[in-house]
Amino acid sequence: MALMIPPVKLKWLEHLNSSWITEDSESIATRDGVSVLYSKLLANKEVVLLPQQVLCLKGPQLPDFERESLSSDEQEHYLDALLSSQLALAKMVCSDSPFAAALRKRVLVLQRIFYALSNKYHDKGKVKQQQHSPESNSSSADLHSVSERPRSSTDALIEMGVRTGLSLLFALLRQSWMMPPPPGPGGGPGGSINLCNDVIHTAIDVVSSLPPLSLANESKIPPMGLDCLAQVTTFLKGVTMPNSGADILGRRLASELLLGLASQRGSLRYLLEWIEMALAAAAVVSTMEQNKVLQSQEGLIGYDCFMNILIQMRRSLGSTADRSQWREPTRTPDGLCSLYEAALCLFEEVCRMASDYSRTCVSPDSIQTGEAPVVSETCEVYVWGSNSSHQLVEGTQEKILQPKLAASFADAQTIEAGQYCTFVISSDGSVRACGKGSYGRLGLGDSNNQSTLKKLTFEPHRAIKKVSSSKGSDGHTLAFTTEGEVFSWGDGDYGKLGHGNSSTQKYPKLIQGPLQGKVVVCVSAGYRHSAAVSEDGELYTWGEGDFGRLGHGDSNSRNIPTLVKDISNVGEVSCGSSHTIALSKDGRTVWSFGGGDNGKLGHGDTNRVYKPKVVEALQGMFIRKVCAGSQSSLSLTSTGQVYAWGCGACLGCGSSEATALRPKLIEELATTRVVDISIGDSHCLALSHDNEVYAWGNNSMGQCGQGNSTGPITKPKKVVGLDGVAIQQISAGTSHSLAWTALPRD
């Protein structure tokens, strides 16, 4: 007979926990809400339906009651069999009712949400991990007391066993190496030393069999495991020295095991520790050589073992690396190489990797007025989307449907895509602009469209660090310098330029008043308002005050920068069409205020908010970046996940009609580690850790880079034509997009 409840296999995915925490638990009370959440479980394959057994409706075998005479016991037996069969059939029918099916789905959804909540808020191990993360500023003493969890007797026994076992093993190995081996059968040498070396050899085989970087994510290793690794590493370092008492083979195997562990842990720290160990051992060997007490094959390591590690590191450099300069240690006839040479080769490889990744890095402190950049390298810039006002410098072509290499932008360090215009900042801090020029938004002294990049003039002369240009309304632009001063230009309606009036400004003009003497580290130009963040965490807003977008508790406009008094310790701000989002310096708090239509504030409703209000759904996460668009908002977490709220295709959930009143994880990017996001008027870009660019949203001008202008694109899709290009930065304008290879300075 069939099972009463259709069998399922449950497999909760850890990286989806945060998305389940943000789900509206009240929706579980409705059948439609449960159905949507259960469909999510099926789509993510966290619930897998198993094949059901074949339904068998055949009841128990009964005798012919007319011909056979049965005892009362037999009659009772057959009656029980019939009743059991009927009861089972009734249960099966009832379990297939709509109510029972909905109840099972509700239980599974609740089970999933409970698992996510218990892992996030009740797993003390994770608390400890979070508190030791780079973002934490708490003292180590406080962390220790908070992260300690009550240990059971079983935990204590296991830890005691592991620690005692390691101590015993180390003591036996040292004793076996230090003591002369007992004679074997017939007076030959004993096997104690061979046994010691066999132990290390076995450990090497285990480490070698692991997939690359198996020990790299220390947050996934229990504290006891990390403690064991530290003890093993300390012991092996002592063994590698020529005066440790271990035999030559033991010292060689210890150095090979240490190298294998350093490689698996994938950290610069452990590679440098191995190099330090190898050089120290080589120095002792050199001293012994001078004193003529050196034994043969001293200070060596297995050539094949070392080269396997080196080749694995070299693969990470890719095909662009200059292989002609690669050096290898000299191999001896018996398959060994010098520890000293190996250390030098490994150190050279580390330096080469660092050079490869930082080849276009320029320190912001080194950019001084009039100085040449420290590193000068051609930057590849790819453009796509609308070129209706020459914002892509691609002649008369109205739209470009997929990324095109743009030679005009070759010396770009930073790029800002605005409303039908583009600004390029070079490494020396100079700014050039092209595209639509109405209302003086380009800062070139007129309102003409500019078909080629033209340099702006800043009085007094300054090196510009960042530019922010509005994606809507009549166009205005902000820029802050390397010294933290702010310039503005373009349309001045509503006082959004911050000069105390509503005049259009066709040249960049320094904002005075409350920002004078402040060091500004972030600016954002919204559709009709502006914002700036100072180095000491103060938020200033000005421009149109309707809907409360300025955060001062009213709807009044301001024509000079005005301090938002209700929050502090702000690190970043983003202005949208009628709302503002601010992020704290430590990434732990996100505030939003202004127009709440379509849920773009993320507070679970559509109300206007006149003062900064914490976005509760993002509490408990480390947020790296926030973006405000026309009718939607984005945030990027420190773990590389993207959350969206508001309405439209920018939610990336598969529908252009969807609305999310609270931040919701973009499932399509859940398995991708995103390192940067950018939002235009109604389309979004995301950059992955693997230098891939994803786009979604409005695609009417080809701004999503899919080779067409159909759409909208309702789920993030990889932008075509950028395979193999090391994209490092992205920018989304009103209807055009740019991606380029210069590494960001910040």
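## Close-up views of strands, a pocket and buried charged residues

**View 1. A hairpin joins strand 11 and strand 12, with 6 residues between the strands, and here Ser473 takes a positive phi near 65°.** This is a predicted model, in which local features need pLDDT of at least 70 and side-chain atom pairs count only at pLDDT 80 or more, while totals for chains, interfaces and linings use all residues. Residues are numbered from 1 along each chain as its sequence is written, and side-chain values use heavy atoms, with hydrogens and water left out. Helices (H or I, at least four residues) and strands (E, at least two) are DSSP runs numbered from the N terminus, and two strands pair if DSSP finds at least two bridges between them.

**View 2. Strand 12 continues into a hairpin with strand 13, with 4 residues between the two.** Gly484 sits in this turn and has a positive phi of about 90°. Strand 13 (residues 486-490) and strand 12 are antiparallel partners over 5 bridges. A handy landmark is His476, whose bridge partner in strand 13 is Gly490.

**View 3. Strand 12 (residues 476-481) is mostly covered, with 6 of its 6 residues buried.** Here, buried means under 20% relative accessible area, exposed means over 50%, and partly exposed lies in between (1.4 Å probe, protein chains only). In a regular strand the side chains alternate between the two faces of the sheet. Which residues cover the two faces of strand 12? His476, Leu478 and Phe480 are on one side, Thr477, Ala479 and Thr481 are on the other, and all are buried.

**View 4. Four strands form an open antiparallel sheet in the order 6-5-32-31.** Strand 6 (399-405) and strand 31 (729-732) are at the edges; each has a single partner strand, so one side of each is left without a neighbour in the sheet. Neighbouring strands are turned by 5° against each other on average, direction ignored (axes are lines fitted to C-alpha atoms, for helices over the stretch in contact, and angles run from 0 to 180 degrees between N-to-C directions). Strand 5 (residues 381-386) runs antiparallel to strand 6 and is joined to it by 4 bridges. Within this pair, Gly385 faces Ile400 as its opposite residue in strand 6.

**View 5. Another open sheet of 4 strands has the order 7-8-9-10, again with antiparallel pairing.** Its edge strands, strand 7 (412-417) and strand 10 (450-455), each pair on one side only. From one strand to the next, the twist averages 15°. Strand 9 (residues 431-435) pairs with strand 10 in the antiparallel sense over 3 bridges. If you zoom in there, you will find Ala433 with Lys454 of strand 10 as its bridge partner.

**View 6. The second largest pocket holds about 890 Å³ of space.** On a 1 Å grid over the protein atoms alone, a pocket is an open set of points where a 1.4 Å probe fits, with protein on both sides within 12 Å along at least five of seven lines, and lining residues have an atom within 4 Å of a point. Of the 31 lining residues, Glu23, Val36, Leu37, Lys40 and Lys664 lie nearest the pocket's centre. Helix 2 (31-43) and strand 26 (659-665) are the elements that give two or more residues to the lining. The largest share, 7 residues, comes from strand 26. The lining divides into 13 nonpolar, 9 polar and 9 charged residues, where Asp, Glu, Lys and Arg count as charged.

View 7. Arg314 and Arg352 are 38 residues apart along the chain, and their C-alpha atoms are separated by 9.3 Å.

Definitions and conventions: Points joined across faces, edges and corners; volume = space filled by probe spheres on them.
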